[in-house]
Every structure is written in C-alpha cells, then in structure tokens.
Amino acid sequence: MVAAYPIGFAITKDDLEAYPHLKFATGESDTGVIISYNTEGLKNVEENARNVAVLPGAISINPLNWKLDETYASASENRGVIVTNTTAPVTEGKEFFGPASFHENDYSFFYKNLQENVAKRIAAFKSN
C-alpha cells in the first residue's frame, strides 16, 4: 500500500493502539501510512466547538507542511485549490460541525498539495 487518504475521518491514538499494523504518516513521503486531517476555522478552535468529524485523541497531519505538530504553515505553502460548481444546496450544520468547520472543503482547499503529495509517496514507494 502506498498510502490511505481518509481525509475528513478522525483517526485516533486509540485506533492505532487497537490496530498496531496501521501507521499514521509522520512526514511528506513515508509510505504504508494513513493521511488524515479535518479543516477547522478559528472560531471552532477558540470556542472548542463540538465537531462530529473530530474525535477526542484524533491525529491530524497538516496538508501544507506535512507535520504533526503545531509548526506554523503560511498560506503561501498552499499550492492551489480546486473550485467545483455544485448545484446541491449547502446545508446548515453548525450543531454537527461547529460555527467554523470547513469539513466539506477538506480536499478542495488543499487539492494541489494533495496531488503533489500523492506523487511524492508513489515515487518513494517505487524506490523502495
């Protein structure tokens, strides 16, 4: 397996302890790993808002710098977004995702970073 990208799904420390054969990514090119994050707005963080997609003990990798810690990643590290034209109405989900969740944009906000990352992981996998 090159990598699994269950973006938007919470992978917790308990999950990894229960299934020790699963490994979470620790950088931008490791393989055989899980890559996941949930896009939260500042208001969710400030209010410690409930978000059903973010479970206690969830692990998250930053899709801009591929780090697991609080290392700052500037907007300039975003390689590009994808904008989709959807006819589906946007539903109100504050009670489920908090006042500032961008869960529906977990892929689109970081599209080019993900695209480049998949290529790096494939190259790393092939070189092993």
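## Terms and model

Contact means heavy atoms within 4.5 Å. Helices (H or I, at least four residues) and strands (E, at least two) are DSSP runs, numbered from the N terminus. This is a predicted model, in which local features need pLDDT of at least 70 and side-chain atom pairs count only at pLDDT 80 or more, while totals for chains, interfaces and linings use all residues. Residues are numbered from 1 along each chain as its sequence is written, and side-chain values use heavy atoms, leaving out hydrogens and water.

## Helix 4

Helix 4 has 17 residues and spans 25 Å from first to last C-alpha, close to the expected 24 Å (1.5 Å times one less than the number of residues).

Its buried residues (under 20% relative accessible area, 1.4 Å probe, protein chains only; exposed is over 50%, partly exposed in between) are Asn113, Leu114, Asn117, Arg121 and Ala124. Seen down the axis of helix 4, they fall within an arc of 90°, so they line one face; the arc is that of the directions from the helix axis to the C-beta atoms. These buried residues pack against strand 1 (3-4) and strand 3 (33-34). Lys126 and Ser127, on the other side of helix 4, are exposed.

## Arg121

Arg121 lies in helix 4 (residues 111-127) and has a relative accessible area of 0%. Beyond its neighbours within four places in sequence, its contacts include Val2, Ala3, Tyr5, Val33, Ile35 and Trp66.

## Ser108

Ser108 sits in the loop between helix 3 (94-97) and helix 4 and is buried, at 13% relative accessibility. Leaving aside neighbours within four places in sequence, Ser108 is in contact with Val81 and Ile82.
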